[in-house]
Amino acid sequence: MLERLARKHYDRGRQFELQDRFEEAIDAYRRAVALDPPFYEPFLALGRIEASRGRFEKALELLDRADQSGDDPEIRHWRGYVHGRLASYDEALSDYRSVEDMGDPHVQVNIGRMLLALGRYDEAETVLSQSEDEKGK
């Protein structure tokens with residue numbers, strides 16, 4: 001019963017978000033998250049919004065919870081972004097590396113950026129060169 005209610009709140013939040021009604025989306029996502037559902041989507045959705053608003057600590061909590069119950073590469077991609085913004089470059093690199101085989105060219109660039117932040121310049125150059133080569137194909 002609570003899971004169905006959480007799903008309804010999530011679905012409402014998604015509809016609000018698609019209509020650019022972000023405050024209402026946040027409210028609906030928070031209601032879903034408060035019910036601690038076994039599915040990851042409301043945690044990811046609210047984590048994305050919190051990250052976009054610069055609330056990185058809260059975003060990381062939500063994304064970690066999403067990662068516990070879901071296996072969506074988007075979770076790791078967003079966690080990588082948040083870890084990078086928090087200057088947790090090793091963690092960001094680990095998250096980005098975990099999804100680099102998904103074919104998203106932005107991931108390679110982000111891996112290169114994290115390597116640069118860690119002072120691993122030769123590795124960063126290799127990764128970023130490969131990313132440029134892939135774009136040229």
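Student: At the start of H5, which backbone nitrogen does a side-chain oxygen of Asp-72 reach?

Tutor: To read a helix start, look for a side-chain oxygen close to a backbone nitrogen. In this predicted model, an oxygen of the Asp-72 side chain comes to within 2.8 Å of the backbone nitrogen of Glu-74.

Student: How many residues does H5 have, and what does it span?

Tutor: Compare the end-to-end distance with the expected span. Helix H5 covers residues 73–85, which is 13 residues. From first C-alpha to last it reaches 19 Å, close to the 18 Å expected at 1.5 Å a residue.

Student: Which residues of H5 are buried?

Tutor: Burial is read from relative accessible area, with under 20% as the cut-off. In H5, Ile-75, Arg-79, Gly-80, Val-82, His-83 and Gly-84 are buried.

Student: What covers the buried residues of H5?

Tutor: Look for the elements in contact with them. The cover includes helices H3 (41–52), H4 (56–69), H6 (89–98) and H7 (105–117).

Student: How many helices and strands does the protein have?

Tutor: Count the elements. There are 8 helices and 0 strands. Across the protein, buried residues amount to 39% of the 137 residues. Its C-alpha atoms fill a box of roughly 55 × 30 × 25 Å along the principal axes.

Student: How many positive and negative side chains are there?

Tutor: Take the counts together with the centres of the two sets. The protein carries 21 positive and 29 negative side chains, with the two centres 7 Å apart.

Notes:
Residues are numbered from 1 along each chain as its sequence is written. This is a predicted model: local features need pLDDT of at least 70, side-chain atom pairs count only at pLDDT 80 or more; totals for chains, interfaces and linings use all residues. Side-chain values use heavy atoms; hydrogens and water are left out. Helices (H or I, at least four residues) and strands (E, at least two) are DSSP runs, numbered from the N terminus. Buried means under 20% relative accessible area, exposed over 50%, partly exposed in between (1.4 Å probe, protein chains only). Lys and Arg count as positive and Asp and Glu as negative; His and the chain ends are not counted. The place of a charge is taken as NZ of Lys, CZ of Arg, CG of Asp or CD of Glu. The expected span of a helix is 1.5 Å times one less than its number of residues. Contact means heavy atoms within 4.5 Å. A polar contact is a pair of N or O atoms within 3.5 Å; within protein, one must be able to donate a hydrogen and the other to accept it, and residues adjacent in sequence count only if both atoms are side-chain atoms.
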